[in-house]
Structures are given as C-alpha cells and as structure tokens.
Amino acid sequence: MFSDETLESVRVESVWRKSQQGAQQSKSCQTPAVSSGHAGVQTGSRVSSSTQTEPQQQDHQLENLNGADPPGLVDFLRRVEELLIKELLKNSRSHAFDGFQANWTEPSQHVSHLHGLQHAGAQEQGLHVSAVSWSCTGSVIACAYGRTDDGDWSNQKSCVCLWNLDRRSLRPKQADLVLDVPAAVTSVCCHPERPALIAGGLYNGEVLVWDTSRTQDPVLAQTGMSADSHREPVYQVAWVPLQKKGEFGVLSSSSGGGVLLWTVDPDQGRMVLSSAYAFVRQQVPHSSSLKIRGSSTVGVTALALSPWDSDTFLVGSEGGLLLRCSFSSQIPAAVTPEGRSVTPRAPAVFSFRPSSGPVHSMHCSPFHRNLFVSAGTAGLVHVHSLLQADPLLSVRVSDSYVFQVQWSPSRPLVFAAATGQGEVQIFDLNRRSLRPAATIQDGAPGQTATCLAFNGPNPQLLAVGRSDGTVGIWQLSSDLTEPGPNERLQLQQIANQVAE
C-alpha cells in the first residue's frame with residue numbers, strides 16, 4: 001500500500017521574522033563619548049625691570065618726582081662736575097679726620113647706680129673696703145676688707161669677697177666667693193691675664209696669691225713671716241711682667257721703706273724674693289729739700305707702674321715724696337740687709353716736687369708715656385710729667401683727703417678721685433672749667449670713699465668702695481667713656497707745656 005517517494009522540498013519563509021526585523025532599532029544608553037585636552041599652566045610670562053639707574057637711552061638725565069627735569073639742574077651738574085671731582089680727590093688724601101670716631105649713640109650725662117655689694121660678716125666687724133680690683137675679663141670684682149682709720153688692728157681677721165656681675169642670679173648681699181684671711185687686707189690686685197689669680201697684701205706684712213679655681217685651698221703661695229718679708233703693712237701690690245715672656249711677678253710696697261719683687265712658686269706654695277729696693281734719705285735725688293722726720297728710711301705708701309716702660313715705676317711716700325725709679329738700678333742701698341736673701345738696691349733716679357702730705361695714690365696715663373697723676377692728704381690731684389719736677393696741673397678735688405685717683409681706660413682726658421668726704425669726683429680736662437664733670441655721692445653722710453677702680457674691658461663700669469663696708473657699681477654715661485676727636489692731641493699739648 002505504501003511506498004517510498006522522494007518529493008521536492010518545500011520552503012516556507014517566516015513572515016514573523018521579517019516583521020520583527022523591520023521593527024528593530026539599535027540604541028545606546030551607556031555614556032556619551034568623553035573628550036580630553038592638554039593645557040600647560042605651570043609658569044607664566046616673565047618681565048624684568050630695574051629702578052636703580054636710569055636707562056642709557058635717557059642720556060643720564062635726572063627726573064624729579066613729577067617726571068620733569070628741574071630747570072637748569074643738568075647744566076649745573078655738568079658745569080661743576082670737574083671741580084667737584086677735583087675736590088673729592090683732594091679730600092681723599094687729607095688727614096683732617098684721622099682718628100675721628102663717630103658716636104651714633106644718644107649722648108647722656110646720667111650716671112646710674114647698678115649694684116650695691118656688701119658682705120654681712122665684714123660689716124658686723126666694722127671693716128672698711130680697703131681696695132677693689134676687676135678681673136682681666138671685666139666680669140668679677142674683688143673687694144678687700146680692712147680698716148683705714150687709726151688703731152692697732154693687726155690681729156683682726158678679714159676677708160676678700162668676689163662677685164661675678166655677669167651671673168643671672170647675682171646676689172648683692174651674698175658674695176660668690178669669700179676668701180678668709182688671718183689679718184686685715186690692705187691691698188688687692190687681679191692678674192692681668194689669668195682671671196683666677198689674685199694678689200693681696202696684709203697689714204702684718206704678708207703677701208699672698210690666691211687661685212680661685214682651687215676649691216679646697218685657694219692660697220697658691222704666700223711669703224709668710226720670714227726674713228725676706230715686709231715688717232710693716234703692705235700698702236700696695238701689683239703684677240709685674242718678668243723677663244720670661246708670659247710670666248708675672250708680684251711687686252709689693254711697705255711703709256717700712258721697701259719695695260719687693262716676688263716670684264710665685266706654686267709647687268712649694270711660697271713666694272720667692274727676686275729683687276729688693278730700699279729708699280733712704282741720703283740716696284734720694286735732691287733730698288735736701290725734703291723734710292723727713294725721725295728715721296732716714298722713706299716709707300712707701302703709693303706705687304705705680306708705667307705701661308710704656310717696663311723698667312720704670314713710681315713711688316710716693318709718707319712724707320709727700322714722689323720718685324721715679326728704675327728696676328735695673330744696680331746701686332746698693334745704704335741699709336743693713338737684715339738677713340734678707342737679696343741685697344737691697346737704691347732705685348730712685350729722679351725726684352719730683354714733694355707734696356705737702358702723705359701720698360695716697362699714683363697712676364700712670366694709659367694714653368701718654370710721660371703723664372701720671374698723684375693725690376694725697378692735701379685734697380689736690382696733681383698732673384705730672386716724668387720729664388719735669390713741678391706738676392703741670394693741680395686740681396682741687398676735696399677739702400679732705402683723696403684716697404685714690406685713676407685715669408679712665410677709654411677717655412684720655414678723664415680721671416676719677418675718691419675723697420674722704422664720701423664723694424667720687426670725675427674730671428674732664430677737655431672742659432674749660434676744672435669743675436667736676438660728674439659727682440658720685442652714695443651712702444650715709446660721714447662715710448668715706450676709700451677706693452675706686454675703672455673696669456678696663458668695660459669702661460662704662462666704675463667700682464667704688466666705702467668705709468661702711470659697701471661697694472657701689474656705677475654705670476658711666478657715654479660722654480665720660482667715648483673719646484672725642486683730637487683728644488689725644490689735647491693730652492699731648494698738656495704734656496708739652498712747661499710747668500710754671
């Protein structure tokens with residue numbers, strides 16, 4: 001019934017597919033195309049301009065603030081240019097202002113009080129400030145305590161007090177260091193190069209050297225009571241450069257008529273006598289005019305070293321004698337050696353006109369090799385030349401004693417004097433009048449200004465010791481410390497004048 005049969009294929013196309021393809025549309029909804037670009041904003045354009053000089057194309061013409069040339073200014077400058085340059089060249093070769101130092105600070109005549117130093121132990125004993133000395137750095141002030149009035153006080157204990165003024169915690173009523181001394185201290189002097197060393201003289205004739213860097217035993221060396229030591233109070237001590245460079249000895253003067261030069265032996269802890277000098281009436285030049293009562297020995301009360309000549313020193317005596325002396329003198333002194341290990345020599349080479357009373361102080365000028373000042377009981381300060389017997393100038397300072405006089409370390413024509421009336425008078429020889437340029441008055445009435453000391457590294461500071469046991473530190477004004485023009489020339493004119 002049934003059989004295989006192959007028929008042609010019949011293809012029926014889909015009407016639906018065609019209808020769907022015609023209705024399709026392609027669309028996108030993700031993101032639009034992102035556009036990018038590159039731009040540089042790191043730097044901008046630069047323009048350089050200068051206002052120091054005018055551009056060359058302006059032919060060096062000057063312009064005023066309004067932009068217009070002042071009438072005739074350029075022509076005037078061109079006309080005087082050659083003359084002006086000629087005068088400037090002449091001024092560049094001139095020496096009219098050599099040595100002039102401009103002072104741009106405001107001048108002041110005020111003297112202010114900075115500190116009042118005192119030691120309770122010394123004041124309780126009624127001790128006076130007998131000497132003051134600044135260290136070579138200008139920071140530390142050494143104050144010696146003793147007495148300046150009459151009486152036997154050789155067995156009274158005393159001290160040397162030190163204050164460091166540069167310390168932030170300065171205590172004026174409590175010293176930074178106290179050196180106890182078995183006898184009254186009559187003089188003190190700080191070492192010129194080593195801040196820790198201090199030399200002192202005692203009323204019993206001893207000379208000591210302290211080393212403040214030694215905490216256990218500050219006494220570095222002492223003379224003791226030997227045959228070489230003084231037998232009378234030591235009125236002054238000073239450091240003296242020795243022949244070996246960098247070494248110093250101690251020069252001491254005594255009312256017993258001797259000046260001794262000591263070397264320091266720290267290993268043995270003692271002072272070794274190097275040279276001895278004695279003063280007797282028979283060996284004093286022109287001594288016939290002197291009135292020395294009693295013993296022929298001349299008691300030395302004042303001492304001064306020349307900063308210009310290492311061989312020269314000056315002495316003043318109880319009888320008013322003023323002598324210029326030489327360390328190199330080889331003339332034996334007409335005195336008995338008294339068991340000393342060194343033979344005394346007579347150093348006096350020139351005698352100045354004697355004063356009417358004891359000489360308390362002498363000081364050589366740091367600005368002129370031939371000038372020095374002296375003062376004593378007469379109340380006068382004399383300005384001397386080493387080349388003349390009579391004083392060049394005499395200034396009435398006080399109606400009482402003058403205990404110390406000292407030149408300023410910065411002003412060639414200024415010196416200060418401590419008086420028995422309690423005042424410190426500061427004189428300026430540059431002024432027409434010989435009246436004090438400044439007066440320092442501190443303390444209760446009746447107190448004496450016993451000593452003073454200028455501060456070398458800091459000339460504005462002046463220390464003043466008093467009989468009430470206090471030490472005042474004063475700051476001087478600029479007109480007393482800043483040298484003026486031609487001041488050294490004026491000092492030279494004083495030195496060149498002939499005494500009347």
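How much space lies in the second largest pocket? In this predicted model, in which local features need pLDDT of at least 70, side-chain atom pairs count only at pLDDT 80 or more, and totals for chains, interfaces and linings use all residues, the answer is about 340 Å³. Residues are numbered from 1 along each chain as its sequence is written, and side-chain values use heavy atoms, with hydrogens and water left out. A pocket is an open set of points on a 1 Å grid over the protein atoms alone, where a 1.4 Å probe fits and protein lies on both sides within 12 Å along at least five of seven lines, and its lining residues have an atom within 4 Å of a point; the volume is the space filled by probe spheres set on the points, which are joined across faces, edges and corners. The lining comprises 21 residues, of which Gly256, Gly257, Gly258, Glu338 and Arg340 lie nearest the centre. Strand 12 (258-265) and strand 13 (270-278) are the elements that give two or more residues to this lining, strands being DSSP runs of E with at least two residues, numbered from the N terminus.

Strand 8 (residues 207-211) is mostly covered, with 5 of its 5 residues buried, that is, under 20% relative accessible area with a 1.4 Å probe and protein chains only. Strand 8 pairs in the antiparallel sense with strand 7 (residues 197-202) over 5 bridges and with strand 9 (residues 219-222) over 3 bridges, where pairing requires that DSSP finds at least two bridges between two strands. Isoleucine 198 stands opposite tryptophan 210 in strand 8, whereas valine 209 stands opposite alanine 221 in strand 9.

Technical notes. Helices (H or I, at least four residues) and strands (E, at least two) are DSSP runs, numbered from the N terminus. Buried means under 20% relative accessible area, exposed over 50%, partly exposed in between (1.4 Å probe, protein chains only).
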